[in-house]
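These are my notebook entries on a structure that was new to me, kept in the order in which I looked things up.

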Amino acid sequence: MTSRYSSSDPSGAVNSRAPRRRTVVKAAAATAVLAAPLAAALPARAAEAPAFLHGVASGDPLPDGILLWTRVTPTSAAIPGSGAGPDTEVGWTVAKDKAFTTIVAKGSLTATAASDHTVKADIRGLEPATDYWFRFSAGGTDSPVARTRTTPAADASVAGLRFGVVSCSNWEAGYFSAYRHLAARGDLDAWLHLGDYIYEYKSGEYGTRGTVVRPHSPAGEILTLADYRTRHGRYKTDPDLQALHHKAPVVAIWDDHEFADNAWSGGAVNHTEGAEGTWTARQAAAKQAYFEWMPVRPAIEGTTYRRLRFGKLADLSLLDLRSFRSQQASTASGSVDDPDRTITGRAQLDWLKSGLKASDTTWRLVGNSVMISPFAVGSLSADLLKPLAKLLGLPQEGIALNTDQWDGYTDDRRELLAHLRSNAIRNTVFLTGDIHMAWANDVPVDAGTYPLSPSAATEFVVTSMTSDNLDDIVKVPEGVVSAIASPVIRAANRHVHWVDTDRHGYGVLDVTATRAQMDYYVISDRANPNATSSWSRSYRTLTGSQTVERTYDPV
């Protein structure tokens with residue numbers, strides 16, 4: 001059994017192709033902030049013994065393999081982003097049982113400062129649709145033991161699949177209770193993170209209704225490679241996040257906050273060229289830290305678009321909607337229809353279209369970081385439009401489109417939906433995050449004439465785990481805004497079956513041959529580390545229907 005860093009797409013898919021000033025925080029400052037607490041967390045028996053302070057994780061499962069990840073802290077000084085610490089041999093072991101009596105693979109890697117002492121073991125030779133347990137070791141210290149699972153064989157008949165679905169996990173805005181509740185289920189084949197796994201803001205800029213629940217590190221906005229590494233390291237200390245990583249493999253894509261707010265290929269709203277360095281350098285640093293700290297295989301160097309298959313039941317196309325997109329249109333003018341503007345890039349759109357057409361699975365799932373369904377907001381009242389515009393990054397005078405999502409790149413959307421219709425491609429389900437609300441949508445070919453215009457696909461959008469949504473911005477009790485805004489939004493967007501503008505939580509997607517169902521769960525209080533979880537609603541799409549309907553029981 002061999003292990004390596006992987007930069008190829010193992011699925012066999014063909015891959016072609018008002019700025020604000022911020023304070024630069026030096027890596028040395030971040031080191032000073034974090035050194036004491038991390039040193040205190042090291043085992044008392046040997047302060048300089050290697051430690052696994054950031055847990056372990058697995059991701060991008062295959063029928064015969066899995067990608068394993070950890071970060072070792074070889075000495076108390078070797079904190080994330082420090083560039084300090086000796087080369088350290090890290091062993092890994094995979095077994096068929098939690099007690100490790102039946103070991104099926106083992107090997108070792110070297111953790112170095114050049115990769116921030118993170119390691120990835122890309123394991124092959126495993127059995128399909130099988131639970132495995134794994135751990136790492138270094139210098140006599142063992143990591144926590146974690147469960148992972150391979151995908152079914154490509155030609156296997158699969159009765160069902162179940163995925164946790166999350167998005168928008170802002171550290172300062174609250175605790176990650178959603179991760180804890182998903183980990184407690186014990187029935188997930190994998191979990192999907194649809195973007196904004198970390199946030200880039202400086203401390204205090206984007207908390208809970210203006211209040212920081214727990215400060216992140218570094219304290220300033222992250223700009224450099226050391227900064228991004230430090231922020232990823234802070235997130236990976238969260239016990240609820242570690243718990244979910246220890247229970248099931250993750251399949252992740254990035255959105256803008258892994259870089260900077262409203263990122264596009266040449267910059268971001270939250271980036272000031274020159275004062276905050278060059279966008280090229282910042283983007284490269286963000287991507288390097290992401291691939292160091294996440295159990296993700298890039299499809300091609302520097303992107304997250306790739307495809308995974310789950311037997312004959314479903315394949316999952318994962319998109320990168322930040323690396324190739326044109327700059328967002330500033331207004332809802334005709335520029336949103338410009339065919340020279342793109343959200344996917346030509347190569348990725350061609351890859352997506354060809355993959356959807358060639359797919360022989362029952363369901364075609366698409367991991368999609370921003371909403372593809374049209375969303376008109378012009379008919380909202382002024383008191384609701386202003387906070388909604390603030391949340392979505394729209395001009396607060398009000399316009400008809402959120403130009404950061406597919407609404408701002410309508411030529412790409414028209415081409416994709418026309419492709420689905422003209423090739424009679426059924427059962428395409430977009431799984432989406434970013435917008436800090438929960439939605440259940442049909443995806444119409446022409447929203448203006450819907451329902452006379454057919455629906456080409458369906459879309460399930462999960463709300464934010466912790467990031468502010470509408471009631472937080474307006475600062476009113478939960479549910480007040482949604483009671484007013486939801487019917488107005490639905491009246492202006494007839495393809496929208498349901499929208500909850502106010503609550504935080506997660507989704508559970510259950511897929512069978514006859515339907516794909518999203519169960520929406522809400523968290524009682526994101527500022528409470530012991531928050532409870534409760535089922536909110538469920539929607540499903542029946543095979544062949546291309547439409548969403550409500551169902552009254554969670555799976």
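Entry one, the overall make-up. I began with the secondary structure, and I noted 10 helices and 24 strands for the protein. The model I am reading is a predicted one, and I keep that in mind for each entry below. I then looked up burial and found that, of the 555 residues, 61% count as buried.

I looked up the count for the protein, which comes to 32 salt bridges, and I picked out several of them to follow up one by one.

I found a salt bridge between Arg180 and Asp240, in which the closest N and O atoms are 3.5 Å apart. I placed Arg180 in helix H2, residues 177-185, and Asp240 in helix H4, residues 239-245, so this pair ties together parts that are 60 residues apart in sequence. Are the two partners buried or exposed? Arg180 has a relative accessibility of 26% and therefore counts as partly exposed, while Asp240, with a relative accessible area of 12%, is buried because the cut-off for buried is under 20%.

Arg325 lies in the loop between strand E15 (314-318) and helix H6 (346-358), and Asp404 lies in the loop between helix H7 (382-392) and helix H8 (410-422), so the pair ties together parts that are 79 residues apart in sequence. When I looked up burial, I found that Arg325 and Asp404 are both buried.

I recorded a salt bridge between the side chains of Arg526 and Asp468, with an N to O distance of 2.8 Å. Arg526 sits in the loop between strand E22 (515-523) and strand E23 (533-542), and Asp468 in the loop between strand E19 (455-461) and helix H9 (470-474), so this pair ties together parts that are 58 residues apart in sequence. Arg526 is buried at a relative accessible area of 7%, and Asp468 is buried as well, with 9%.

Terms used
Residues numbered from 1 in each chain as written. Predicted model: local features only at pLDDT ≥ 70, side-chain atom pairs only at ≥ 80, totals over all residues. Heavy atoms only, no water. Salt bridge = Lys/Arg side-chain N within 4 Å of Asp/Glu carboxyl O. Helix = DSSP H or I, 4+ residues; strand = E, 2+ residues; numbered from the N terminus. Buried < 20%, exposed > 50% of the residue type's maximum accessible area, 1.4 Å probe, protein only.
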